[in-house]
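Please look over the model shown below. The report that follows walks through its parts in turn.

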Amino acid sequence: MDHPLRFARLGFCRLRCPDLAASLTFYRDIVGLTVARESSEGAWLRCSDKPYDLILEHGDAAGLSAVGFEMETEAELLNGFALLTRLNCAPVWASAKQNTERQVARSLRFADPVTGLEIDFYVGQKTAADPYVPPHTRIARLGHVVLNVTDLAAAHDFWVNQLGFAVSDQVEGVAEWLRAWPNPLHHSLALLQHSANTLHHINYMVSDIDDVGGAMNRMKGADVPIVFGPGRHLPSTSIFLYYLDPDGNSTEFSFGMELFEEHDARDARELEHKAEVMDIWGSKPDPRFGKGSPIVLHHG
Ligand SMILES: [Fe+2]
């Protein structure tokens with residue numbers, strides 16, 4: 001497998017929220033992100049030493065409006081720009097002012113050719129002035145984002161064949177779990193075949209199994225719908241808990257994940273399409289699980 005680009009990590013997700021105040025309260029008080037910046041237009045929330053991990057922006061309808069990946073070096077970002085240009089994705093460099101505003105050295109954005117989602121690639125992100133101090137659940141990092149896509153084969157071609165993401169596991173024609181190569185996490189992005197292009201879920205990895213159990217009781221106490229779990233995924237070995245944000249977006253806490261070496265990693269496994277793949281403990285998802293907001297089409 002050829003990898004034309006080297007990615008550092010999934011950097012951020014941006015959600016559009018019709019009730020910004022409700023979403024902000026939820027992500028701060030229930031999920032445990034801290035608010036780094038706030039206005040009537042939106043907010044930056046953190047679970048790391050970076051200035052933002054989740055961006056909320058006000059909008060008339062709920063949606064997933066952007067996903068950002070940090071690249072290893074500026075040379076990789078330049079390679080990315082050239083590659084995206086060859087692929088007719090029309091990448092656009094952000095202006096110096098925009099980069100300062102986003103606290104990165106350099107960044108580009110383009111529309112994912114399959115879903116229309118805005119994708120940002122960037123380098124040189126600043127570190128926040130103060131450390132992230134978790135208020136309750138010890139979130140370790142933004143873990144991954146999972147998209148429902150109408151054309152899984154086309155999405156595979158773009159992310160894997162063209163951009164060089166690595167398949168860790170798959171259920172043929174149904175789901176793929178992808179590494180942002182050479183990031184060691186079993187998946188930073190996953191894709192599911194679906195009837196519409198929507199957000200399936202956003203994941204936050206936690207530091208201890210107690211964080212999953214404690215969160216479950218906090219959700220129950222706050223009447224937050226738990227839509228799957230607690231359970232254990234077969235593909236990644238993660239222990240998980242999924243719950244709904246105010247817009248019905250599934251949000252996941254997970255503990256533990258298989259890690260991959262850069263070289264000589266095991267081959268992708270072809271998994272069976274059955275419920276036990278999603279939870280080896282046997283819990284069943286609520287019908288609302290993974291039925292998140294539409295992907296917002298990016299316009300230049
Ligand atoms: Fe997940």
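Predicted model: local features only at pLDDT ≥ 70, side-chain atom pairs only at ≥ 80, totals over all residues.

In which sense do strand 6 and strand 7 pair, and over how many bridges? They pair in the antiparallel sense, over 2 bridges.

An open sheet is formed by 8 strands, in the order 2-3-4-1-5-8-7-6. Its pairing is mixed. Strand 2 (34-38) and strand 6 (92-93) are the edge strands, each pairing on one side only.

Helices pack on this sheet. Helix 1 touches strand 1, strand 2, strand 3 and strand 4. The direction of helix 1 makes about 165° with that of strand 4. Helix 2 (residues 74-86) also packs on the sheet, where it touches strand 5, strand 7 and strand 8. The direction of helix 2 makes about 25° with that of strand 7.

Strand 4 (residues 54-58) shows both kinds of pairing. With strand 1 it runs parallel, joined by 5 bridges. With strand 3 (residues 42-46) it pairs in the antiparallel sense, over 4 bridges. Two residues of strand 4 have named opposites. His 58 stands opposite Cys 17, and Glu 57 stands opposite Gly 42.

The domain assignment divides the chain into domain 1 (7-123) and domain 2 (139-278). Their C-alpha centres lie 19 Å apart. How many residues does each domain bring to the contact? Domain 1 brings 27 and domain 2 brings 29.

On the domain 1 side, three elements each supply at least two residues: strand 1 (7-17), helix 1 (20-31) and strand 5 (63-71). Strand 1 gives the most, with 8 residues. By residue type, this side of domain 1 divides into 19 nonpolar, 5 polar and 3 charged.

## Helix 4

Helix 4 covers residues 152-162. Which of its residues are buried? Leu 152, Ala 155 and Trp 159 are. Viewed down the helix axis, the buried residues fall within an arc of 65°, so they line one face of helix 4. The spacing rule behind such a face is simple: an α-helix has 3.6 residues a turn, so residues three or four places apart point the same way.

The other side of helix 4 carries exposed residues, Ala 153 and Asn 161. The cover over the buried residues of helix 4 includes strand 9 (139-149), strand 11 (175-179) and strand 12 (189-193). Just after helix 4 comes Gly 164, with a positive phi of about 85°.

Val 114, Ala 105 and Phe 81 are set out below. The contacts leave out residues up to four places away in sequence.

| Residue | Other C-beta atoms within 10 Å | Contacts |
|---|---|---|
| Val 114 | 21 | Val 149, Asp 151, Ala 154, Ala 155, Phe 158 |
| Ala 105 | 14 | Glu 74, Asn 99, Val 123, Gly 124 |
| Phe 81 | 18 | Pro 91, Leu 108 |

Val 114 sits in the loop between strand 7 (106-111) and strand 8 (118-123). Is Val 114 buried or exposed? Val 114 is buried, because 21 other C-beta atoms lie within 10 Å and the cut-off for burial is 20 or more. Among the residues touched by Val 114 is Ala 155, itself one of the buried residues of helix 4. Val 114 and Asp 211 are 97 residues apart in sequence, and 36 Å apart in space, C-alpha to C-alpha.

Ala 105 lies in the loop between helix 3 (96-102) and strand 7. Ala 105 is partly exposed, with 14 other C-beta atoms within 10 Å. What is the distance in space between Ala 105 and Gly 124? Their C-alpha atoms are 4.6 Å apart, although 19 residues separate the two in sequence.

Phe 81 is part of helix 2. It is partly exposed, with 18 other C-beta atoms within 10 Å. Phe 81 and Gln 103 are 22 residues apart in sequence and 19 Å apart in space, C-alpha to C-alpha.

Terms used: Residues numbered from 1 in each chain as written. Domains from an automatic or database assignment. Contact = placed C-beta atoms within 7 Å. Nonpolar A, V, L, I, M, F, W, Y, C, P; charged D, E, K, R; others polar. Pairing = 2+ DSSP bridges. Buried ≥ 20, exposed ≤ 12 C-beta atoms within 10 Å, placed from the backbone. Arc of directions from axis to C-beta. Axes fitted to C-alpha atoms, helices over the stretch in contact; angles between N-to-C directions.
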